[in-house]
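Here's a walk through the ligand site, the open spaces and the aromatic pairing in one model. Have the viewer open as you read.

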Amino acid sequence: GKFTVGDYLAERLAQVGVRHHFVVPGDYNLILLDKLQAHPDLKEVGCANELNCSLAAEGYARANGISACVVTYSVGALSAFNGTGSAYAENLPLVLISGSPNTNDPSQYHILHHTLGHPDYTYQYEMAKKITCCAVAIPRAIDAPRLIDRALRAAILARKPCYIEIPTNLAGATCVRPGPISAITDPITSDKSALEAAAKCAAEYLDGKLKPVILVGPKAGRAGSEKELIEFAEAMGCAVALQPAAKGMFPEDHKQFVGIFWGQVSSDAADAMVHWADAMICVGAVFNDYSTVGWTAVPNIPLMTVDMDHVTFPGAHFSRVRMCEFLSHLATQVTFNDSTMIEYKRLKPDPPHVHTAEREEPLSRKEISRQVQEMLTDKTSLFVDTGDSWFNGIQLKLPPGAKFEIEMQWGHIGWSIPAAFGYALRHPDRHTIVLVGDGSFQVTAQEVSQMVRFKVPITIMLINNRGYTIEVEIHDGSYNKIKNWDYAMLVEAFNSTDGHAKGLLANTAGELADAIKVAESHKEGPTLIECTIDQDDCSMLK
Ligand SMILES: Cc1ncc(Cn2nnc(CCOP(=O)(O)OP(=O)(O)O)c2C)c(N)n1
Ligand SMILES: [Mg+2]
C-alpha cells in the first residue's frame with residue numbers, strides 16, 4: 001500500500017530507538033494509531049488515561065532515552081500536558097503526538113466535539129509551544145517530513161519534549177519516505193577551540209585551589225556523561241558529592257563518593273565537605289528551592305559550572321562545549337589533588353546502628369528502609385515518589401549497578417506508578433521497585449492494571465501513613481486527610497479473571513519480610529505491599 005504521513009512518523013520513531021509507544025485512542029488519532037501499530041518495531045501500549053500515558057512515556061524516556069505519547073485532540077492532550085511538563089522539567093525527550101481536526105474544518109467555521117466550542121483550534125498548539133522545545137502542527141502532507149524531522153531533532157539535541165500535531169485527514173495521506181536518520185540523530189560536537197580554551201583555563205583555575213569538591217547534579221545523567229564524570233573525578237582525586245536528584249548518577253561505592261548534599265538532610269559527610277571546599281565543580285547541578293532546602297544550603301564559594309553545552313567559572317564563560325567531551329578532555333589537563341579525601345576520612349561519620357525489629361514489632365519507617373535496603377541489588381531500579389518516600393529513598397545506599405529514579409524538579413505525586421511501568425517495559429531485565437505514599441498512589445493507581453496486562457513484575461512498596469504526611473509537616477489542615485483504601489484488595493481487583501497482581505498487607509516487621517519474599521519470587525505481575533506506619537512516623541521529625 002501507499003506510504004503515508006503516519007508511516008513516516010512510525011519509521012522515524014523506530015529509527016530514533018522507540019520500541020513502545022504509549023497511547024489513548026480517540027477519533028482524531030485512530031488512523032494515525034493504525035499506522036504506528038503497523039510498524040514492525042513499534043509496540044502499542046494502551047494506558048487508562050492521558051495523564052498516566054504521558055507519565056508512562058516520561059518513565060520510558062528515562063530507560064530508553066526517548067519516548068512517544070499519542071493522544072486525541074484537546075480532551076486527551078490537555079491531560080498529557082502534565083507528563084510533558086515533567087519531561088521538560090526533568091530533561092527528557094518525550095515526543096507528544098496529538099491528532100487534530102480535519103484541515104478543511106477551520107475554513108468552514110465548524111464547531112467540533114472535544115474542542116472548546118469555537119472554530120479556532122490553534123489553542124492546543126499554542127499551549128504546547130510553552131512546554132516543549134519545539135512544537136509543529138502539520139498543515140499539509142508535503143510539510144510532514146520537514147516538520148517531523150525538525151521536532152525530533154530539536155528534542156534529541158535539547159533533551160526536552162517536542163510536540164507533533166497531525167490532522168486526522170493527513171495521517172493517511174501519501175508521503176515520501178524518510179532520508180538517513182543521521183540527519184536527526186547526529187550530535188552537535190563541541191567547538192574545538194572553545195573546548196581547548198575551556199579545558200586549559202579550567203585546569204589553571206583548579207591548579208590554584210587546595211580543596212576542590214565535585215558536586216554532581218541531575219543533568220549529568222541526562223547529558224549521558226556518567227562515564228566521563230568518573231574519568232574526571234579520578235583524574236582530580238577529590239571528593240564527589242551528589243545532589244539528591246542526581247542519586248544513582250555516580251557510583252556510591254566509589255572511594256571518592258562522600259554522600260548526598262541536601263543541607264540538613266545530607267548523607268555521610270557531604271554537607272561538611274561542601275562547606276569545607278574552596279572550589280566547587282558543579283556538573284549538571286540544579287540549585288532549586290528543594291535541592292537547596294529553601295535556599296539554606298547554597299554553597300558560599302565561587303562555582304565552576306559544567307552544563308550540557310557550556311562551561312563557566314569565575315572570570316570565564318565558554319559556549320558550545322559539550323559536557324562529556326569537556327570532562328574527558330579536562331581529565332587529561334588537571335593535577336591530582338586528594339586533599340579533600342584525606343579530610344573526608346577524618347569527617348566521615350560512623351555508619352548509624354540500624355536496629356533490626358522483632359517480627360511482631362509494628363512496622364516503622366526505619367524498619368521498612370532497613371528491609372528495602374536488603375532488597376537492593378545490581379539489577380534494582382528504585383523509583384521514589386514525591387512525599388516522605390523521597391527522604392527515605394535518598395538515605396538508602398545504592399549497591400554497584402543499582403539505578404535510582406526521582407522526579408524532584410516537577411514533583412507530581414503519583415508519577416512513580418506509570419513512570420515505573422513505562423521504564424520496566426523497556427528494562428524487563430531489571431527489578432523495578434517503587435517507594436510510594438498512600439496519597440501519591442491514589443492519583444495514578446489505574447496504571448497498576450497495565451502492569452497486570454503486560455505482566456510487568458514491579459514491586460510497589462506502598463507506605464500507608466494515612467494521608468499527605470509531608471504536607472502535614474509543611475502546613476497542616478483538613479485537606480491533608482484522605483479516604484483510606486484497601487490497597488491490597490484494589491490491586492487484586494485489577495486481575496478480574498485473567499490477571500496475576502498480588503496485594504499484600506504488612507503491619508509488622510515479620511509480615512513485611514514475608515511479603516518481600518513473595519514479591520521477589522512473583523514474576524507473573526506486580527506485587528503491591530501495603531506497609532502501614534504511624535502517621536507521625538515521618539522523616540521530617542527526627
Ligand atoms: C500533582 C500534585 N498535586 C499536589 C501535590 C502536592 N503534594 N505533595 N505531596 C503531597 C502528599 C503526598 O502524600 P503521600 O504520597 O501519602 O506521601 P507521604 O504521606 O508524605 O509519605 C501532596 C498533596 C503534588 N506534589 N503534586
Ligand atoms: Mg501518606
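What follows starts at the ligand, moves on to pockets and a cavity, and ends with an aromatic pair.

First, the ground rules: this is a predicted model, where local features need pLDDT of at least 70, side-chain atom pairs count only at pLDDT 80 or more, and totals for chains, interfaces and linings use all residues. Side-chain values use heavy atoms, with hydrogens and water left out, residues are numbered from 1 along each chain as its sequence is written, and chains are lettered from A and ligands numbered from 1 in the order in which they are written.

**Around ligand 1**

Ligand 1 is surrounded by 16 residues, and the closest are Gly-411, Asp-438, Gly-439, Ser-440 and Gly-467 (a residue is near if one of its heavy atoms lies within 4 Å). Sorted by class, that shell has 3 nonpolar, 10 polar and 3 charged residues; here Ala, Val, Leu, Ile, Met, Phe, Trp, Tyr, Cys and Pro count as nonpolar, Asp, Glu, Lys and Arg as charged, and the others, Gly among them, as polar. Two helices, α17 (438–444) and α19 (469–474), each supply at least two residues of the shell. Helices are DSSP runs of H or I with at least four residues, strands are runs of E with at least two, and both are numbered from the N terminus.

Now for some polar contacts, meaning pairs of N or O atoms within 3.5 Å. A polar backbone atom of Gly-411 sits 2.9 Å from a nitrogen atom of ligand 1. A backbone N or O atom of Gly-439 is 2.8 Å from an oxygen atom of the ligand, and an N or O atom in the side chain of Ser-440 is 2.7 Å from an oxygen atom of ligand 1. On its own, ligand 1 has 590 Å² of accessible area, and the protein covers 79% of that (Shrake-Rupley method, 1.4 Å probe).

**Pockets and a cavity**

Both kinds of space come from a 1 Å grid over the protein atoms alone: in a cavity a 1.4 Å probe fits but cannot get out, while a pocket is an open set with protein on both sides within 12 Å along at least five of seven lines, and lining residues have an atom within 4 Å of a point. Volume is the space filled by probe spheres set on the points, which are joined across faces, edges and corners.

| Space | Volume | Lining by class |
|---|---|---|
| Largest pocket | about 1,200 Å³ | 23 nonpolar, 14 polar, 12 charged residues |
| Second largest pocket | about 1,000 Å³ | 8 nonpolar, 10 polar, 8 charged residues |
| Largest cavity | about 50 Å³ | 5 nonpolar, 2 polar, 1 charged residues |

The largest pocket has 49 lining residues, with Arg-159, Gly-221, Arg-222, Ala-223 and Gly-224 closest to its centre. Elements giving two or more residues to this lining include α3 (50–64), α6 (144–158) and β15 (403–406).

In the second largest pocket, 26 residues form the lining, and Pro-352, Val-354, Lys-366, Gln-395 and Lys-397 lie nearest the centre. Helix α14 gives the most here, with 5 residues.

That helix turns up again at the largest cavity, where α14 provides the largest share of the lining, 4 residues. Among the lining residues are Arg-365, Ile-368, Asn-392 and Leu-435.

**An aromatic pair**

There are 13 aromatic pairs in the structure, counted when ring centres of Phe, Tyr or Trp (its six-membered ring) lie within 6.5 Å; planes under 30 degrees apart are stacked, over 60 edge-to-face and the rest tilted. Tyr-290 and Trp-390 make an edge-to-face pair because their ring centres are 5.3 Å apart and their planes at 75 degrees. Since Tyr-290 lies in the loop between β10 (279–283) and β11 (303–306) and Trp-390 in helix α15, the pair ties together parts 100 residues apart in sequence.

Note on methods
Polar contact = N/O pair within 3.5 Å; in protein donor to acceptor, adjacent residues only side chain to side chain.
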